[in-house]
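Thanks for coming. Please look at the structure on the screen while I go through a few places in it.

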Amino acid sequence: MMTSTSLVYLIALPLAGSAILLLAGRRSDKWGHLLATALSASSFFVGLYQLSLMVGRTNSDRPVTQKLFEWISVGTFKIDASLMLDQLSICFVLLITGVGTLIHIYSISYMSHDPDRRRFFAFLNLFIAAMLLLVLGDSYLNLYVGWEGVGLASYLLIGFWNQKPAYATASKKAFVMNRIGDMGLSFAIMIAFATMGTVSFSGVKEAAGHTSTAALTGIGIMLLVAATGKSAQFPLQAWLGDAMAGPTPVSALIHAATMVTAGVYLITRSNFIFDAAPTAQLLVVIVGAITLMFGALIGTAKDDIKKALAASTMSQIGYMILGAGLGPVGYAFAIMHLLTHGFFKAGMFLGAGSVMHGMNDEVNMRKYGALRKFMPITFATFGLGYLAILGVPPFAGFYSKDMIIETAFNSGGAKGIILGCVTLLGAGITAFYMTRVMILTFTGKSRWDEEAHPHESPWLMWLPMAILAIGSVTSGYLLSHGDTLVNWLSPLFVNHGERAELLSPVVVSGLALAMVAIGVAIAFVKYSRNEVAAVAPTDVSIFTTIARQDLLQDRFNEAVFMQPGQALTAVLVKTDEAVIDGAVRGVGRIALGSGSALRGIQTGFVRSYAALILIGAVALIAAIWVVTQ
Amino acid sequence: MIDLALQVGQTAAPEATLFWILAPLSVVAALGMLLVKKAVHSAILMAFVMIALAIFYIAQGAPFLGIVQVVVYTGAVMMLFLFILMLVGVDSSDSLTETIRGLRPIAIIGAVGFGGLMVSLLARATLGRNAVGVEAVNADGNVQGIANLLFSTYVWPFEVVSALLITAALGSMVLAHHHRIQTRPTQRELSIQRFRSGSLANAAGLPAPGVFARHNAVDVPALLPDGTAAAASINASLKARGDVLNSSAFELGTVDTSAGEEK
Amino acid sequence: MNAANYLYLSALLFTIGAVGVVVRRNAIVVFMCIELMLNAANLSFVTFSRINGDLNGQVIAFFTMVVAACEVVVGLAIIVTIYRSRRSASIDDASLLKR
């Protein structure tokens, strides 16, 4: 594999920005945000440069590595801190730095009234560096460092306004639920090390051929647990809605475009494990399908625009996970949906931020309405993202989502038909709740509060939205035209050859569009014809109530995990006080007692100290005398 | 002297004679250091011990160290000791009664234990071992031999020690430096102070010591016009030491005080 | 003559010095006793040098002398400083560590 010396700059530039901003403190308040944006952009240009180099080489020469230093060296077990950039990583690098830079630019304006803007940018840069480390690490251990790094950055940014207790709790919730996934990743690494003796991607890939299926299934399930934690998949999805407590650019960057897709990256990267462990792969598909429906159902009931978008994110990542679980044919489509989703969902989040910006940080969609006239640019960019997520041709989602639906149908047997129906239904529900968001926000009558004065956002905010909107329109066509992305990624995956087609692409597209049309129509009938109440009605069906409460996931977690956990903690606290504190205090008392006993020899006279030294010397010599006898 | 000591060192019997004369003397001098009251006497006994050690060095084939010992210790260090003694008071003397209860028995027991153990250890360790002697390594000269080692193997410690010396010199200067808290009074201020002190007795300055025409020593008080001794004419430190002579011998027998002042 | 005799002498002088440090109260005499201990150690080094037939011991003794000189300079400066503030050269008077 070829080596490169410039990979490290991808990570080092934003990391340096974060360090400078945090260390320089208030001195950098004036220029910190500009520095952070510039460093993120320069990292993006390094990525483009790497891409240009990579395109110029033949398929087998494309991956490059760079060894930074020897990290762990224990006997024969060696791990280098080294980076690897291949066809898969470069997609992520460009998505992270590209979307990241746009969101930096957006945040300059969005956060301009926040006294802590510098800290915000420091954390953003930290996130970019950690996320790049995650996708550039050449072993599971290096990936793990980045994995924890993005978790930290996510925690810091969700709780950015931690003066509000609810936001601080939300960040804690996200962190704790992510820990469960992190445990899964560390277990996967440990099993891989125990059975294969290596944790590097290439080493594991090689060893996967002659490792027992049981071990591979174990690793695969643990990797799936990790992915569910980070990507907010069932059953660890509950944190994503609360994560919307963070500033909106954070939701756009971390909780829509990049970090939450790390699970998809992990599964795609570990394709050699899942290909050899069908049970684990089936679980991946099931998790993806459940989350897809779960997120879509939650999305229909949320009145908070950001939470509705978060539920949509959850659902769309469910599509990606499902795609990744379909094996070699699905990986590339999962990645394609990930990239297009990165564009349109980030664009929609930025649009939501723009709406909030104009509406005094109001997030309740029932208090919006008729904003189309006041925010034409936001409406246009949001609308393009809306068309993209619906899968209307020729927007991005049409290409990527239809590919996944088609692959699901064609995966064979009853499984294929069930998965196909689930994805089709999901597309319909997606159309319903996204139309609902559009109608409640931009059309109809205004239901604003008295003091709201909606206005279009400054150009620093709408420019990134516009660029992302262009991406949502074109990216799908560009990536799928002539199978660009599939061919680009194909050297990474083992190809099993074509399977029999159950439904042709045209039929699938027709079905999907029909579902979308039904969803849109229902939403129109329900929200455009009828008056929308500014306060959420309470006399609703039991299903709406349940959906509003995130399908009772939080209640379940509280009853099954939290309360027994708290009881256990109470017992532990008692034990701690009685046994451990008792022991510690006993040691303290011993020290105190011996101290007051020995205080007698402290006379303050130098001569008595000298006499003690003399006695000590005599004792030493006596010891030597005895020993050398 | 050096030649004599060198020759003595090379032959067994004379060295033994030298040792058996000087060693007891130096032990006695060291013990004397402990027991005499006055610090000055201790210093002189210390100087004797050091010179004796210098002779032992020379006798053992270390003439360089012997000379350095004389120059550094009996020359510089002992001078410094005497100088400080002068500052602190030459006459200062200890009472040898112990004030910390139980310290003296501890010291004696400790000393006996230490000495006894050391001697018995030495007896065991050196049993039957013959000295190699430094004649071979001193073939090119003792100074050259030490210089070879100092500037090769020990050159780094040597430099460090030089830094230590400079630091010590600077440190002692800092320690001994006296900060004046108030400004030094000018002559003008002093004279204003004299006139405003309430009495004009000392306005013209203190009387000079000595009895005019009869005696001019600083330790003899001047006589006042009425024939009594003027205590203010003697330096305060002489008074504190009790070194003031009686000037009554120079008093006038009688002074006729009956004659009234003419007006 | 047996070179070990010098070692015995050295041990004796060292012991006397140690007792002096404990027993005497005049700071200057205490210092002289410390010097005596250092000199006794030096005598041992010179004797070892002779017993082993190399000059390393003498070099060490040389270093000891330099360090001792430093120590005397600083120590006496401390004594002068204490004397200036307390008008006393007795080390028992400087017993603030207790209180």
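A:Pro235 sits in the loop between α8 (213–230) and α9 (239–242) of chain A. Helices here are DSSP runs of H or I with at least four residues, strands are runs of E with at least two, and both are numbered from the N terminus. The bond between A:Phe234 and A:Pro235 is a cis peptide bond, with omega about 5°. A:Ala232 is in the loop between α8 and α9 of chain A, and it has a positive phi of about 55° although it is not a glycine. Most residues other than glycine have a negative phi, and most peptide bonds are trans.

Is A:Ala232 buried or exposed? A:Ala232 counts as buried because it has 30 C-beta neighbours inside 10 Å. Buried means 20 or more other C-beta atoms within 10 Å of the residue's own, exposed means 12 or fewer, and partly exposed is in between, with C-beta atoms placed from the backbone.

A word on the source. This is a predicted model, where local features need pLDDT of at least 70 and side-chain atom pairs count only at pLDDT 80 or more, while totals for chains, interfaces and linings use all residues. Residues are numbered from 1 along each chain as its sequence is written, and chains are lettered from A and ligands numbered from 1 in the order in which they are written. The model scores ipTM 0.92 and pTM 0.60. For chain C the mean pLDDT, the predictor's confidence in each residue from 0 to 100, is 87, and 96% of the residues of chain C reach 70 or more.

Back to chain A. Helix α2 (residues 32–55) has 24 residues and reaches 35 Å from first C-alpha to last, close to the 34 Å expected at 1.5 Å a residue; the expected span is 1.5 Å times one less than the number of residues. Its buried residues include A:Gly32, A:His33, A:Phe44 and A:Met54. What do the buried residues of α2(A) pack against? They pack against α1 (7–24), β3 (77–85), α3 (87–110) and α4 (117–136) of chain A.

Next, the cores. A nonpolar core is a set of buried Ala, Val, Leu, Ile, Met, Phe, Trp, Tyr and Cys residues joined through C-beta atoms within 7 Å. The largest one has 193 residues, and A:Phe127, A:Leu132, A:Leu223 and A:Ala346 touch the most other members. Helix α15 (residues 328–358) of chain A gives the largest share of this core, 17 residues. A second, separate core of 87 residues includes B:Val49, B:Tyr57, C:Leu7 and C:Val30.

Chain B has nine helices and two strands. Of its 263 residues, 25% count as buried. Where chains B and C meet, 69 residues of chain B are in contact with 61 residues of chain C, contact being C-beta atoms, placed from the backbone, within 7 Å. On the chain B side, the largest share, 11 residues, comes from α4(B). By class, that side has 53 nonpolar, 12 polar and four charged residues. Ala, Val, Leu, Ile, Met, Phe, Trp, Tyr, Cys and Pro count as nonpolar, Asp, Glu, Lys and Arg as charged, and the others, Gly among them, as polar.

Last, chain C. In its unreviewed entry, the UniProt annotation "transmembrane region" covers residues 6–23, 28–48 and 60–83 of chain C. UniProt positions follow the numbering used here, feature names are shortened, and annotations may be inferred rather than shown by experiment. Residues 28–48 of chain C are 100% helix, with end C-alpha atoms 30 Å apart. Residues 60–83 of chain C are also 100% helix, and their end C-alpha atoms lie 34 Å apart.

Key: Contact = placed C-beta atoms within 7 Å.
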